[in-house]
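Here is a short briefing on one model. Please look at the sequence and structure first, then read on.

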Amino acid sequence: MTIHLKTAEEIERMRIAGQLAGEVLDFVAPRVKPGVTTGELDRLCHDLIVEEQKAIPAPLNYAPPGYKPFPKSICTSVNHQVCHGIPGERVLKAGDILNIDVTVIKDGFHGDSSRMYYVGEPSIQAKRLCETTYECMWLGIREVRPGAFLGDVGAAIQQHAESHGYSVVREFCGHGIGRKFHEEPQVLHYGRSGTGTRLQPGMTFTIEPMINAGKPAIRELADGWTIVTKDHSLSAQWEHTVLVTGTGFEVLTLSAGTPPPPKH
Ligand code: MF3
Ligand code: CO
Ligand code: CO
């Protein structure tokens, strides 16, 4: 078990990759509208990443052991889809909620971030789930400092989600990130404070809670990638890439359009 502590030069490159990921999420926001397909959003993001950012969309052809290559450049997960939705012919309609997950590689380093988007006006329940999940992510981020435990991050997220009657997806977690898309450590979004890996300056990892309005159980669709809630309840997710600094944390995937952190 080795967690790579990034050097100052590596951190500088992670900041650049992270900002680019955030900028893709900004760019796509006004294009999420009723009538657009997830495949069109993928194409727009792909072209921005490749033509303008001169970066690489990390999901494209990504094939961890046991998976077939991911065929698109971003993940688009709608309503009861939890994560890893494959962009395609699906037409977005008013009232849908959508997670867009962007990972870019720039100068050898990864930046990974996702946000929730509303297509038209969301239901009150959908809006509340998305907002509470955003709070979960930030409560996790705010636990990050040298000497804290990864269990502190998971416990903060789990406590907030469950206090709203929601559940935390267990099968997927945040992850170390750097030259590799997914590296150590695993960042669970549930757990007990004071347990797990101790944080050290120079660690970089994602915090990306997947929160279901209903039960935590999931299943994988026949496409081999898309994860959905078993009970068809709505699911939401937000993701940032963070650095452990000497005194706390730095979010590496901020951009002009990042929603303001919640007050509590
Ligand atoms: N971006 C996702 C994450 O946050 C991983 C997507 S893998 C893909 O870890 F192949 F589906 F793109
Ligand atoms: Co991630
Ligand atoms: Co991601």
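Val 228 counts as buried, at 1% relative accessibility; buried means under 20% relative accessible area, exposed over 50% and partly exposed in between (1.4 Å probe, protein chains only). This is a predicted model, in which local features need pLDDT of at least 70, side-chain atom pairs count only at pLDDT 80 or more, and totals for chains, interfaces and linings use all residues. Residues are numbered from 1 along each chain as its sequence is written, chains are lettered from A and ligands numbered from 1 in the order in which they are written, and side-chain values use heavy atoms, with hydrogens and water left out.

**Val 228 and its setting**

- Val 228 sits in strand 12; helices (H or I, at least four residues) and strands (E, at least two) are DSSP runs, numbered from the N terminus.
- Val 228 and His 164 are 64 residues apart in sequence. Their C-alpha atoms are 21 Å apart in space.

**Cobalt ion (ligand 2)**

- Asp 112 (OD), His 175 (NE2), Glu 208 (OE) and Glu 239 (OE) coordinate the cobalt ion (ligand 2), at 2.0 to 2.3 Å. Donors are N, O and S atoms within 2.8 Å of the metal (3.2 Å for Na, K and Ca); water is not among the atoms, so sites may look incomplete.
- The site of the cobalt ion (ligand 2) is irregular, with angles of 51 to 163 degrees among its six donor atoms.
- Four donors count as tetrahedral if all angles lie between 85 and 135 degrees; four count as square planar and six as octahedral if opposite donors are over 155 degrees apart and all others between 65 and 115; anything else is irregular.
- Along the chain, the donors of the cobalt ion (ligand 2) follow the spacing D-x62-H-x32-E-x30-E. Distant parts of the chain are linked here: His 175 is in strand 7 and Glu 239 in the loop between strand 13 (235–237) and strand 14, 64 residues apart.
- His 175 counts as buried, at 6% relative accessibility. Glu 239 is buried too, with a relative accessible area of 1%.

**Cobalt ion (ligand 3)**

- Asp 101 (OD), Asp 101 (OD), Asp 112 (OD) and Glu 239 (OE) coordinate the cobalt ion (ligand 3), at 2.1 to 2.4 Å.
- Six donor atoms with angles of 58 to 165 degrees make an irregular site at the cobalt ion (ligand 3).
- The donor residues of the cobalt ion (ligand 3) have the sequence spacing D-x10-D-x126-E.
- Asp 112 bridges the cobalt ion (ligand 3) and the cobalt ion (ligand 2), which lie 3.3 Å apart. Asp 101 in strand 4 and Asp 112 in strand 5 (residues 109–118) link distant parts of the chain, 11 residues apart.
- Both Asp 101 and Asp 112 are buried.

**Largest pocket**

- The largest pocket holds about 610 Å³ of space.
- On a 1 Å grid over the protein atoms alone, a cavity is a set of points where a 1.4 Å probe fits but cannot get out, and a pocket is an open set with protein on both sides within 12 Å along at least five of seven lines; lining residues have an atom within 4 Å of a point. Grid points are joined across faces, edges and corners, and a volume is the space filled by probe spheres set on the points.
- The lining has 29 residues, and Tyr 62, His 84, Cys 173, His 175 and His 182 lie nearest the pocket centre.
- Strand 4 (97–106), strand 7 (174–176) and strand 8 (183–187) each supply at least two lining residues. Strand 8 gives the most, with four residues.

**Largest nonpolar core**

- The largest nonpolar core has 29 residues; Leu 199, Phe 205, Ile 207 and Ile 211 have the most contacts inside it. Helix 3 (124–141), helix 4 (150–163), strand 9 (204–207) and strand 14 (240–244) each give two or more residues to this core. Helix 3 gives the most, with eight residues.
- A nonpolar core is a set of buried Ala, Val, Leu, Ile, Met, Phe, Trp, Tyr and Cys residues joined through side-chain atoms within 4.5 Å.

**Backbone details**

- Glu 184 and Pro 185 are joined by a cis peptide bond, with omega about 5 degrees. Pro 185 lies in strand 8.
- Asn 79 has a positive phi, near 55 degrees, in a residue other than glycine. Asn 79 is in the loop between strand 2 (75–78) and strand 3 (81–83).
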